[in-house]
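Here is a short report on charged side-chain pairs. Look at the model first, then read on.

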Amino acid sequence: MKKIIFRVDDRLIHGQVIEGWVKYYKIHRIMVVSDRIAGDSLQRMIFQSALPSGCTLEIMSVDQFIAGFSRLKKVKDYTLVLMESVEDLARCMNLIDSDIYVNIGCVACREHKVEVSNTVFLDLNEIEQVCSIRDMVEVYIHKVPWEPSVEIRNFSKLLKGGL
Amino acid sequence: MKSLITLFKSLFYHAGLNHENMQGTGFFYLLKDAAKRNGVEIDSAVLENQRKYFHTHPFLVNFILGMWLTEYKNGSDPETFKKAYSSAFGALGDSFFWHSLRPFSFVFAAITGTVDPFLGIMIYLLTFNLFHFTFLFTGYSLGMELGRDVIVWFNRIGFNKWPEHFDLVSVFFLGVFLAYIFKTGAEISVDVFFIAAGYLAMGLIMAKKLDITLGLMINLILSGIIFFQLGV
Amino acid sequence: MTQLILLLAFSGIITVDRAAGFNTMISRPLVVSVIIGMIFGSVELCFLGGLIFEIIGLVDVPVGTRIARDDSFGAYAFSLVLSYHAVTGMSNFILALMLVIIFTYPVTMSVHICRKINKRLYLRELTKGDRFNAAKLVKLGLLFHFGQGLVVYNLAFVIIYTLYQWFAAYLPGNDNFIPYMVFTIIFLSGFLLRFLSGNSYVKYLLFLGGVLVGWAVL
């Protein structure tokens, strides 16, 4: 597994993240990248309190993350970067290279969204953003590490067909 | 009494689980009922919104239920905290109840069950449900009392550190159990001792790479071939 | 007849407790095995069988939307095979265990069907607007999960038992397979030991301490 994992998960820190990713890869460093959470001290505390001992959590806005990313590239341990939406991931597009494992875990059902998998629902705009990232690196739908991941491949065809 | 009714109803919170709204139906069901018993009038549009996507650990849902009602009564926006708590309690609940409490209950049940299987399962059910029902029962009133600050209670009891402590206790008693079952279940000799140690080592090694059922299948096939060759 | 009725009712209760309501852990493999052992009078043997599936289930955490392997079914079917005194030797034991493990996969898939039914019912209820009835969905969820256990568990068991009898006729029998059951439990404990969290040095030292205490005291 690549050392830096970008995961889009609208629930951010929850069971799959802690029991799946954090414990499986023994990840000690988690970053939550969300403008919404970064500006709310109580929500920061709630997420902080959900971590197992030995884990550090940094919560920051998307801009702060982009500005400090070069520092992260030098770290040799696993780092799990959690983002709330595909839109946030697209904002970090310039940071993404082949050293980063990009996966979508859970984007819950909302109205007018397309069911990509049973846990990932995207609208047209989000699908286009994923396609742009997909042009640079592979993007996977991956719930937990020990289950097979699904590589996203066919969105472009879907888009041409107008969904 | 209110906590008891909420406890009972929350036992069915995830009956309507599906991939569209997950446990949103269950939360709506609990909230509507709790609001009615507390005399809280919820705006119909706000209430309707509650049947949408929601997902948290079933044993900690009552904390969110109580928190939501308090925040709504106070006129603040409970939705932001509902979302944050649903994720955080999902993580905390899975780590404690599923990851740690089950093995913790298991090791004690296994040790006593080797003497008396019925006593063993009683120990299992009592140990697990002591925590299960305590959290379900106290969750609602604590959520109501503390509102959006309910996380403070979890920090006070150091809940995120419980899984590791429980796991270490489980590890010790797993050792006790294996020594005991080995003494009672197999005829002890040097050969048998090394076979048992070999099986444990094989389990430990396979666990790093393989799924448990795949590991077990390989073990069964290998053992079958070896014992067949030995004429057992 | 009473045994059969008890068994059928219990199979439904297991799936309800597992996926729809209560979560009292009456559906845990160890509990399932001992209860079946009590119904059929082979408690000790079923207890050992239950230990195997319990450990398989313990390391498989049902996180989020993920559906964990149906270890309860494993215990249910394996305990029934043991209770019918069909396992008479180690080769039989291996065959029965493999068949049950293989069938846990399609049985687990049946939970997906229940979730799909729940989804359809929810979407249908949504169209009713203000008359949306959550209590009805909860009751139907319980009912469908009960039905899932009742039908799927018992159907799968019948298939397993038929296949087992067919294959077992070609296998040698009549040896003491209890020590091998114990070895299997010890093997699976390796997975559990790795699964439990904690500092590795502390963990393995504690485990060794536990082994010594168990050996010396009990």
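## A network across chains

A:Glu147, B:Asp211, C:Asp60, C:Arg66 and C:Arg69 are linked in a network of salt bridges. A salt bridge here is a side-chain nitrogen of Lys or Arg within 4 Å of a carboxyl oxygen of Asp or Glu. Over all chains, the structure holds 25 salt bridges.

This is a predicted model, where local features need pLDDT of at least 70, side-chain atom pairs count only at pLDDT 80 or more, and totals for chains, interfaces and linings use all residues. Side-chain values use heavy atoms, without hydrogens and water; residues are numbered from 1 along each chain as its sequence is written, and chains are lettered from A and ligands numbered from 1 in the order in which they are written.

## The B to C pair

B:Asp211 forms a salt bridge with C:Arg69, with the closest N and O atoms 2.7 Å apart. The pair crosses between chains. B:Asp211 sits in the loop between α9 (190-209) and α10 (212-229) of chain B. C:Arg69 sits in the loop between α3 (43-58) and α4 (71-83) of chain C. Helices (H or I, at least four residues) and strands (E, at least two) are DSSP runs, numbered from the N terminus.

B:Asp211 is partly exposed at 35% relative accessibility, while C:Arg69 is buried at 13%. Buried means under 20% relative accessible area, exposed over 50%, and partly exposed in between (1.4 Å probe, protein chains only).

## Pairs within chain C

C:Glu54 and C:Arg28 form a salt bridge, their closest N and O atoms 3.1 Å apart. C:Glu54 lies in helix α3 and C:Arg28 in the loop between α1 (2-19) and α2 (29-40) of chain C, so the pair ties together parts 26 residues apart in sequence. Both residues, C:Glu54 and C:Arg28, are buried.

C:Glu125 and C:Lys128 also meet in a salt bridge (3.4 Å, N to O). C:Glu125 is buried at 2% relative accessible area; C:Lys128 is partly exposed at 27%.
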